[in-house]
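Biologist: I would like to learn how to read a model like this one. Please show it, and I will ask about its features in turn.

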Amino acid sequence: MSGYRISRRTPESTVGLIGFGALVVVLATLPWWDSDGSLQTPLVAILYYLALAQMWNLLAGFAGLVSIGQQMFVGIGVYGLLQMAEVGGVDPYVAIPLAGLLAAGLSIPVAAFAFRLRGGYFAIGTWVVAEVMRLLTTESNDFRGGDVRALTRESLGGYSLETRTNSVYWLALALAVGGTAIVVLVLRSRLGLALRAARDNEGGARSLGVSIGRAQLITWVVVAFWTGCTGAVILLHTTSTTAGSAFSVTRWTALVIFMVVIGGVGSTTGPIIGVLVYWIIDEQLGDADAWRFIILGGIAAVMATVAPKGVYGLLQQWRPLQFFPVRRRLAGGPSTNTPPQAAEPEVVVEEGQ
Amino acid sequence: MSALLAVEGLVKSFGVRVIDDLSLSVEPCDALGVVGPNGAGKTTMLNLLAGDLSPDEGRVLFQGEDVTRTPAEARCRMGIARTSQIPRPFEGMTVFENVLVGAVFGAGVPRREADAVDIVVSSLERAGMLADANRTAGSLPLLGRKRLELARALSTEPTILLLDEIAGGLTEGEVDELVGTIQSIHTGGVTIVWIEHIVHALLRVVDRIMAMSFGVKIAEGDPETVMASPEVQEVYMGVEPE
């Protein structure tokens, strides 16, 4: 019986991994060859949006938790870093993972409330929690969220502007690459097996021993951590904030949902495509202002109807390519090298009766 | 308290009483068949046994332990496996991944995936699905889906297997194959509770039959006697035991 093993590799996943690695190397060395910053500047936002998109997709596309309260974790990250650096005198770079941990810690009591709700009620519930956090931050005398607050030179730790510009870029790259890696690693793990099973058939998953609530909670906390870290880096990038922008549902959830839906929800490649497509559309629209949201909304509505699985879904219809090695195949053994894929009635293995 | 699985005074209503004061006891290595017309409450009873529903009244005991409020996933890990009348495959996953879920999570403490491979392979083999291991579950025809239900249940290494109309909708030849598989599972020491309309298939495996009607047990005992009893003949017209 031994000789069988689990394989996750596909030919295109090897190509995908090499390509992805090469792209990361190119992007990581960018500050040295993109001297005028014409690429670096727009890329910071693209990269942290990719991190947000991967995290929302992990929640909504894999764990079945359609949250529209992601801005709560961004806001916690923003104000976490602000308070730690301004009041606590913590080095801003040290404060980034601490802000992430704060978001992860606070996500647990939020889950205690929101996980009682299902589907659309869960979505509204997370939004309400985020709004409450925004209001508390605005009203609080400690956070003064109603005012514009900026990181002062002292709290930025005396790092030079160039160091900060480059480090924010690298941090955004790390968030994007790390966010993608988190999704891949989750999907390759037992947690991912449980999430995908529950997504396809909740009752069936329970009947096979899967504790769905537990799998969802772990995912929720991981996403909160990474989204909180992203919020902290966003503050380092902008250096000033208000509660309204830190807890903005439009910026940190609605746009992110747009990207993931356009690219392809429930896949690892989809958010990457979606972020790039959004960037291209956004470039074209320029200062179209009010029309911007009307056009983006229109595109989202059309895509959701015509191609509910996004650009990646269309690609899948053409060729079922797996760019990330996350699916398991049974490999080795005598008879599984060429699985029958035809719609023919299945091949039945005879057995001793 | 030697019963493997027992229910006492079970009541479940959805507006009307679907299960009405049902008691039942299954001994280790039994093969119990459950028959009854549509709407008799058979599937509801199975859902109550597996933990997909919880009863309004009464108790469910497994190996002497009260599991009435134990959720389905925990009952599975204790050794109660089930198949579903309407198969519930994870359509986007391969057959192998489907069965891996049960082998990893379904038997006691979660296993490492690498340690689960052999159990998956033997479950696939016993259910006659090994050749389809890397096929997407969503592409399987009905017999494949039914066999996948069986392979997934086996991967949880059950003490007792609850089957819900696993032969329904299949051709005569397919039913024959499936009966052979179920026989060998039973011979391997797994206790069986099998709900089935196709009585001749049932009779090849079970050694006891319970007949239900309107949520009430109307007869129980050895198959020939139960199927020949006037109560069963009355509610079960048109189906004759072989």
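Biologist: In which sense do strand β9 and strand β10 of chain B pair, and over how many bridges?

Modeller: This is a predicted model. Strands count as paired when at least two bridges join them. Here β9 (residues 208-213) and β10 (residues 216-221) of chain B are antiparallel, with five bridges between them. Within this pair, B:M212 lies opposite B:K217, and B:S213 has B:V216 as its bridge partner.

Biologist: How many residues lie between the strands of that hairpin, and which residue takes a positive phi?

Modeller: Two residues separate β9(B) from β10(B), and B:F214 has the positive phi, near 50°.

Biologist: What is the strand order of the open sheet in chain B?

Modeller: The order in chain B is β6-β7-β8-β3-β9-β10, six strands with mixed pairing. β6 (80-82) and β10 of chain B each have a single partner strand, so each has one side without a neighbour in the sheet. From one strand to the next the twist averages 20°.

Biologist: Which strands of the sheet does helix α1 of chain B touch?

Modeller: Helix α1 (residues 42-50) of chain B packs on the sheet and touches β3 (31-35), β6, β7 (160-164), β8 (191-195) and β9 of chain B. The directions of α1(B) and β7(B) make an angle of about 150°.

Biologist: And on side chains in a strand, what is the general idea?

Modeller: In a regular strand, side chains alternate between the two faces of the sheet.

Biologist: Turning to chain A, how many helices and strands does it have?

Modeller: Chain A contains 15 helices and four strands. Its radius of gyration, 22 Å, is close to the 20 Å that the globule rule gives for 353 residues, so chain A is as compact as a globular protein of that length. The C-alpha trace of chain A spans about 80 × 50 × 45 Å along its principal axes. Of the 353 residues in chain A, 42% are buried. Among contacts in chain A between residues at least 6 apart in sequence, 78% join residues at least 24 apart.

Biologist: How many residues of chain A are in contact with chain B?

Modeller: In chain A, 37 residues are in contact with 44 residues of chain B. Elements of chain A that give two or more residues to this side are β1 (4-7), α8 (190-200), α9 (202-207) and β4 (329-332). The largest share, six residues, comes from α8(A). By class, the side of chain A that touches chain B has 16 nonpolar, 11 polar and 10 charged residues.

Methods: Residues are numbered from 1 along each chain as its sequence is written. Chains are lettered from A and ligands numbered from 1 in the order in which they are written. This is a predicted model: local features need pLDDT of at least 70, side-chain atom pairs count only at pLDDT 80 or more; totals for chains, interfaces and linings use all residues. The radius of gyration is taken over C-alpha atoms; the globule rule is 2.2 Å times the number of residues to the power 0.38. A residue is buried if 20 or more other C-beta atoms lie within 10 Å of its own, exposed if 12 or fewer, and partly exposed in between; C-beta atoms are placed from the backbone. Two residues are in contact if their C-beta atoms, placed from the backbone, lie within 7 Å. Axes are lines fitted to C-alpha atoms, for helices over the stretch in contact, and angles run from 0 to 180 degrees between N-to-C directions. Ala, Val, Leu, Ile, Met, Phe, Trp, Tyr, Cys and Pro count as nonpolar, Asp, Glu, Lys and Arg as charged, and the others, Gly among them, as polar.
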